[in-house]
Amino acid sequence: MKKGVFLALVVSCLGTGIWGYTQYQQNREHNVFLENQFQRMFHDMVVDVENIQVNLSKIRVTGSPKQNVLLFSDTRYLCYDAQEKLTQLPIAHGNVSRTEKFLSQVGDLSAALARNNLEGKPLNQDEKKMIEELHNYANYLSQQLISLQKNMADDGMRIGELRKKVNQQLKKANENMLTTSFLNIEEKMQAYPELIYDGPFSEHTKKRKSNLRGRSVEKDEIEKIAKDFVEDGRKYEVDSIGEIGNNRMPAYLLNLKPLGNEKKLMTMAITKTGGHVLWMLDTGKIKEVKISEKQGIAIAQNFLSKKGYENMIPTYSLKYDGQLLINFAYMQDDVTMYTDLVKVKVALDDGRIVGFEAEGYLFNHYKRNITDPKISIDEAKDKINIYTETSEPRLAIIPTEGGKEVLCYEFKTKYQEDAFLIYINAETGEEQKILQILIKDDGILML
Amino acid sequence: MRKVTIITCVTLMISFLIGNIFIDTIYAGSLSWGSRGEEVRVVQTKLKNWGYYTGNIDGAYGKKTYQAIVNFQKKNGLVVDGKVGTQTRKALGMTTKTTTTKYNDLVKRAQQKLKQWGYYYGAVDGIYGSKTYTAVTKFQKKNGLKGDGIIGSNTKKALGISGKTAKEAYTPTSRGVSRNDDISLLAMAIHGEARGEPYVGKVAVGAVILNRVKHPSFPNSIASTIYQPGAFTAVDDGQIYLKPNAESFKAARDCLNGWDPTGGAIYYWNPATSTSRWIWTREVTLKIGKHWFAHE
């Protein structure tokens, strides 16, 4: 009897042992696999940064704009690649966010300068100085990374260990060599100059001021504004649920519940300046689709003019979840303003408005002085690829990457079965932008 | 007697008129002493390139041009008359086809291409003049072709304007593009992170992800942002792989179409469960449901 118990014990012990060992093996295998990924990303990033600083110094000595374009494009690619790798390493975001920003901005700036070079604008004195400064920062970053790489190799340090430490708040964060190095770099990166250029990551885009003017609206007024906006004859219970405290466009947030219908809910934001409805979302269920897209667009257009948005033209539409989304752009003197956008969603069961979004319009809109284009229609036509079928152009204002506004000729062109929108700058005659129009079952998309 | 004079006069006048009409056609295209214009310029450039002509390229047929042409004709075994007729033209490599002063569609397309590539600065009018000639030769030299100014088959190929477009099957791009990949990934993240939140709270979480994509301190694509190590708890513990419901999909579509209830926030956290000490140093700009949001 005793023997039997003993045997069972031995067998189960052995079983646990084998099971434990395979678990350990598997775990080790996974850790090594993950570590390999991290190491590869880290080493790739170091090489990228080395080449970034080499490129930035080459740019200072090249004479030809063509070489500049090549170097800038290469730098841009290296920066994005390095940034991408850095963001995928298991380092706490707070310890690398400045370094990540540095890489994004240098990449973005390179793209903007490459474009300038193509348009025949050479680097000016300020830009040359900026490149030199950025080179010094990139050089510092590169040196730090190289010494970190060496130390890691000497100590046999593993990046994967960082993951555990990030999760265990008890241990001091700066115990780790990698973290310490990145914190040092981060400190240095605090000081790099503010970069202002025509690109999406440029410092000025964050600081752009809204064109919205009007008196300051108090909290007790928003209930009336909200009810006036909906005006469907029903009674609503209005709950203020908070405020959006950003600097870009501060707003009040509120919920509207129709009395006697608990399931339906509308959420709305109303700007503190001028008391405009910034956006609205209706979460009510949408039943059977009864309304056509054409009718939907007409309903939305009618709604907009009732709310004081005149001269809005629909630019594209998309059908999803039983609703129709329509983008509207403002039109002044036959020029379409793709900056002043309003989006409206119409429920296709009973035609009510279930969504509204006017940040683009409220932020950008003002009465513009549209200057006559310097390039004639015929000159603009000469810029269009000869193999496309082209319609007569119309004038439009489109935003650049960095949020500037440019007057362009908009050409609708066709190549085989694909349709495109081509924008020719009406001041310089440069091809500013190409969008592809994708017509799908659920609507028209533009990429 | 008077009748005869009148008849002679009339015949003379008629023949003079006819002559006037035909003189252009008879001498059309042939250049001789005293001619001026674009074609002379082209001839001069050609002769200068070949070393026959040493004067200025001024478009005026003068003594030097005459001598150059005579020399050229002698060397090439042509009738030595000092005129640029059909034979001389051929020998000079100037086919009438590309040097007509008449509108030509091929010339127009070539001009447009050359203008787009920065070789040509004149008007795109389909008339082959000296500017077009210079542009074509410049283009030919840069592209390793014979710099003869003729828009022949090789030049056409290099310019990319050969008459027929490629007959290869062209697959429309729309078949190769989908927005659903973005939508389902975003819906998964929203579902994992905020399935217990009110609808606007879901849209807000999706909007934060999209705001991060546009922010320099975060990755530049939706996938990299969502899968950034340590960024979202639902990604770290695998809840992202739960099957998202219809509402999460709707929220994902709404934020991809531009609804941002947060007005540009890049952080959010649940004050009841958050373990990161660092996140508490952020300034709260908005509260929706259980989540707190921050812009910086």
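**Helix packing and chain contact in a predicted two-chain model**

In chain A, A:Tyr137, A:Tyr140, A:Leu141, A:Gln144, A:Leu148 and A:Asn151 of α4(A) meet A:Met177, A:Leu178, A:Ser181, A:Asn184, A:Ile185, A:Lys188 and A:Met189 of α6(A). Contact here is C-beta atoms, placed from the backbone, within 7 Å. Helices are DSSP runs of H or I, at least four residues, and strands are E runs of at least two, numbered from the N terminus.

This is a predicted model: local features need pLDDT of at least 70, side-chain atom pairs count only at pLDDT 80 or more, and totals for chains, interfaces and linings use all residues. Residues are numbered from 1 along each chain as its sequence is written, with chains lettered from A and ligands numbered from 1 in the order in which they are written.

Back to the helix pair. Helix α4 (125-155) and helix α6 (177-189) of chain A pack at about 170°, axes 11 Å apart. The axes are lines fitted to C-alpha atoms over the stretch in contact, and angles run from 0 to 180 degrees between N-to-C directions. That angle makes α4(A) roughly antiparallel to α6(A), a label for angles over 145 degrees.

Next, the contact between chains: 50 residues come from chain A and 45 from chain B. On the chain B side, α6 (105-116), α10 (199-213), α13 (246-256) and β2 (284-288) each supply at least two residues. Of that side, α6(B) gives the most, five residues.

Last, chain B has domain 1 (2-96), domain 2 (100-159) and domain 3 (180-294), with bounds from an automatic or database domain assignment. The C-alpha centres of domains 1 and 3 of chain B lie 80 Å apart.

Methods: Parallel < 35°, antiparallel > 145°, perpendicular 65-115°, else oblique.
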